[in-house]
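Visitor: I would like to go through this model with you one question at a time, with the criteria stated as we meet them.

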Amino acid sequence: MALLAYLKSLFILQLLMGFVFVVSGLIINFIQLCTCILWPINRQLYRRINCRLSYSLWSQLVMLLEWWSGTECTLYTDQATVDKFGKEHVIIILNHNFEIDFLCGWTMCERYGVLGSSKVLAKHELLKVPLIGWTWYFLEIVFCKRKWEEDRNTVFKGLDRLKDYPEYMWFLLYCEGTRFTEKKHQISMQVAESKGLPILKYHLLPRTKGFTTTLQCLKGTVTAVYDVTLNFKDNQTPTLLGIVNGKKYKADMSVRRFSVEDIPDDEQECANWLHKLYQEKDALQEMYNKEGKFPGPTIIPPRRLWTLLNFLFWATLLLSPLINFACGVVVSGSPLLIIGFILFLIIASIAIRRLIGVTEVKKTGSSYGNQEAKKQN
């Protein structure tokens, strides 16, 4: 076990895995670009193909969590709810506290067959991020600038287009708008107090506009809202860099299903429903902190081999020529070739580190409610 942990920490192995992810992602993006000719001819075929292509990319990240780090994911929910997973269009509400919360969400998507068709209401800046933003663009992800006056038409148009999506989709919403930090929480609760809204201990004040708009636009398509509260055993603070280094975490996810029919149609009442939901999420978090677990029965969905097989396919396809080329460079003895190859490795490592940096809590998140930050921006 010590040897395995040592191997996982080796930078060269991490670099090779990053190389596989980046190059396979660029290949997938190119294929996605080519599929655009299908859009005016057969939109549903375009969508089905892009669901599989995106799965091939995202499942490599899921593989890191499940097979490389061995992170365990336990669901706290009832069997009747689990039986509906992957068999209906739903909106997912997930707390936004950890660097890898999206990865835990994707793991559940993968285990129930909806990873390729999963959606998110994403900030517009991510559209510029290579691989991630580009893949999401081809998947018809809805991007927003978090300024309702500018986002209104874009959001309504993007959501309306998803009404006839051919694959079951899980539409993820981070209703808090940004990751939780103590400073943001303090500012958020000041806003809540000024508006007479419930004070939350473990969450930021939810932004209701994104939720009410998504529910309004997709009503008739989505049949349920899944409320998911994520936490980690032993007060772990997981990071994507920790996953890359092979560190194992234990994730617990409380999942509650609400039928869309039970959620108010009126926008203000729907907003009030969301605020009440976050009060309940706060109570769940309080219980977890005291007892080390969520209430209710536990279910551990088995991981599937597809993520590992997909990665091994890309690794075999891409690493063989790379290793042959590296050997050729060394054998050639050419200083120019050797220096060029070293520069390539340096650039590749920087690029991979910057991709990891996109998820880091200290480097991401909006300045929601922070007037000082807004002035600086």
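The questions below move from the whole chain to single residues and then to record annotations.

Guide: This is a predicted model, in which local features need pLDDT of at least 70 and side-chain atom pairs count only at pLDDT 80 or more, while totals for chains, interfaces and linings use all residues. Residues are numbered from 1 along each chain as its sequence is written, and side-chain values use heavy atoms, with hydrogens and water left out.

Visitor: What is the radius of gyration of the protein, and why does it agree with a compact globule?

Guide: The radius is taken over C-alpha atoms, and the globule rule is 2.2 Å times the number of residues to the power 0.38. The C-alpha atoms fill a box of roughly 70 × 55 × 50 Å along the principal axes. For 377 residues a compact globule would have a radius of gyration near 21 Å, and the protein agrees with this because its value is 22 Å.

Visitor: What percentage of the residues in the protein is buried?

Guide: Buried means under 20% relative accessible area, exposed over 50%, and partly exposed in between, with a 1.4 Å probe and protein chains only. Of the 377 residues in the protein, the buried ones make up 52%.

Visitor: Is L26 buried or exposed, or does it fall in between?

Guide: L26 belongs to helix α2, which covers residues 11-35; helices (H or I, at least four residues) and strands (E, at least two) are DSSP runs, numbered from the N terminus. Not counting residues up to four places away in sequence, L26 touches L131 and W134, where contact means heavy atoms within 4.5 Å. With a relative accessible area of 43%, L26 is therefore partly exposed.

Visitor: How many Å apart in space are Y76 and G296, C-alpha to C-alpha?

Guide: Y76 lies in strand β1, residues 72-76, and is buried, because its relative accessible area is 8%. Leaving aside neighbours within four places in sequence, the contacts of Y76 include K233, D252, F294, G296 and P297. Although Y76 and G296 are 220 residues apart in sequence, their C-alpha atoms are separated in space by 5.9 Å.

Visitor: Why does E140 count as buried?

Guide: E140 sits in the loop between α6 (132-138) and β4 (142-144), and has a positive phi of about 65° although it is not a glycine. E140 counts as buried because its relative accessibility is 6%.

Visitor: Which relative accessible area does N235 have?

Guide: N235 also is not a glycine, yet has a positive phi of about 55°. The loop that holds N235 runs between β6 (224-232) and α10 (240-244). N235 is exposed, and its relative accessible area is 70%.

Visitor: How much helix and strand does the chain hold over residues 90-212?

Guide: An unreviewed UniProt entry lists residues 90-212 for "domain: Phospholipid/glycerol acyltransferase"; UniProt positions are given in the numbering used here, feature names are shortened, and annotations may be inferred rather than shown by experiment. The end C-alpha atoms of residues 90-212 are 14 Å apart, and the chain there is 41% helix and 14% strand.

Visitor: How far apart do the end C-alpha atoms of residues 12-39 lie?

Guide: For "transmembrane region", the unreviewed UniProt entry lists residues 12-39, 311-331 and 337-356. Over residues 311-331 the chain is 100% helix and 0% strand, with end C-alpha atoms 29 Å apart. The span 12-39 is 86% helix and 0% strand, and its end C-alpha atoms lie apart by 41 Å.
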